[in-house]
Amino acid sequence: MPLIVGIDGCKSGWFAAWQNQEGVIETAIFQSISNLKNFFIGTNQLIIGIDIPVILSEVMPRQADQLARKLLSKKASSVFTAPTPEMLDQPNYEKASLVSKKLIGKSMSLQSWYLFPKIKDVQNILHYENIKVFEIHPELSFRAMNNEKVILESKKTDEGFKIRKSLLDKHFLDLNFDAIRTKYQKKDVMDNDILDALVVLWSAKRIANNQASYIPKIPEKPNMQIVY
């Protein structure tokens, strides 16, 4: 059986969640994806679900990003436009923005630029045969959990948090969110990072069980898809 891990970016690097052999949820913070790989070095096969663009296209936006926005309707702004490899290779924000202007006629956001190190980090483990990495968007996963209905309430509000946590409680019967919360300071891991890593884990488990949905169904490149 492969080990399945759900990962979300956090202020301290990456927040990861998985279930041990008894089905108990375990979590950890890793500074890099390579650190995570080394932590699970004895695992024969690793299935990773992660909330970050994984396979990049030479054109913008990717079909996966467009389809995700369509499914999320009023929450479409939560979908990050993946950069191209050419943009990722640029040494600074200004030059990356010039490439963006050339491709789509407008500059990229600074928020996007700040995600570049994490996108590069994930590229470092894509060549390992025993590690399969899938791009998962948490809000698409919560939508799937919620009978294909988009959750409009922000996860940073009390109501949005409660809705998402109650969905996770139904699918992870042993989930003790408060116990996970007390392990980490909020300056390192926010509540929404924990929610997202757990729902990404849920979708990654669906991949392993052949229950997941993929967009687009026929990608431009192998695995250039968002899964939920």
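This is a predicted model: local features need pLDDT of at least 70, side-chain atom pairs count only at pLDDT 80 or more; totals for chains, interfaces and linings use all residues.

Me: Where does Ser57 lie in the fold?

Reply: Look between strand 4 (46-50) and helix 2 (63-72): Ser57 is in the loop that links them.

Me: Is Ser57 buried or exposed?

Reply: The general idea is a cut-off: under 20% relative accessible area means buried. Ser57 comes out at 1%, so it counts as buried.

Me: Which side chain makes a polar contact with the side chain of Ser57?

Reply: For this you look for N or O atoms within 3.5 Å of each other. Here the partner is Glu220, at 3.2 Å.

Me: And what else is Ser57 in contact with, leaving aside neighbours within four places in sequence?

Reply: Besides Glu220, the list has Arg62, Pro83, Thr84, Pro85, Lys221 and Met224.

Me: Now the helices. How do helix 2 and helix 6 pack?

Reply: With a helix pair, start from the angle and the spacing of the axes. Helix 2 and helix 6 (residues 138-145) meet at about 45 degrees, their axes 10 Å apart. That angle is why helix 2 is called oblique to helix 6. As for handedness, the crossing is left-handed.

Me: Which residues make that contact?

Reply: Helix 2 brings Ala68, Leu71 and Leu72, while helix 6 supplies Glu139, Leu140 and Arg143.

Notes
Residues are numbered from 1 along each chain as its sequence is written. Side-chain values use heavy atoms; hydrogens and water are left out. Helices (H or I, at least four residues) and strands (E, at least two) are DSSP runs, numbered from the N terminus. Buried means under 20% relative accessible area, exposed over 50%, partly exposed in between (1.4 Å probe, protein chains only). A polar contact is a pair of N or O atoms within 3.5 Å; within protein, one must be able to donate a hydrogen and the other to accept it, and residues adjacent in sequence count only if both atoms are side-chain atoms. Contact means heavy atoms within 4.5 Å. Axes are lines fitted to C-alpha atoms, for helices over the stretch in contact, and angles run from 0 to 180 degrees between N-to-C directions. Angles under 35 degrees count as roughly parallel, over 145 as roughly antiparallel, 65 to 115 as roughly perpendicular and the rest as oblique. A crossing is left-handed if the near helix is turned anticlockwise from the far one by less than a right angle, and right-handed if clockwise.
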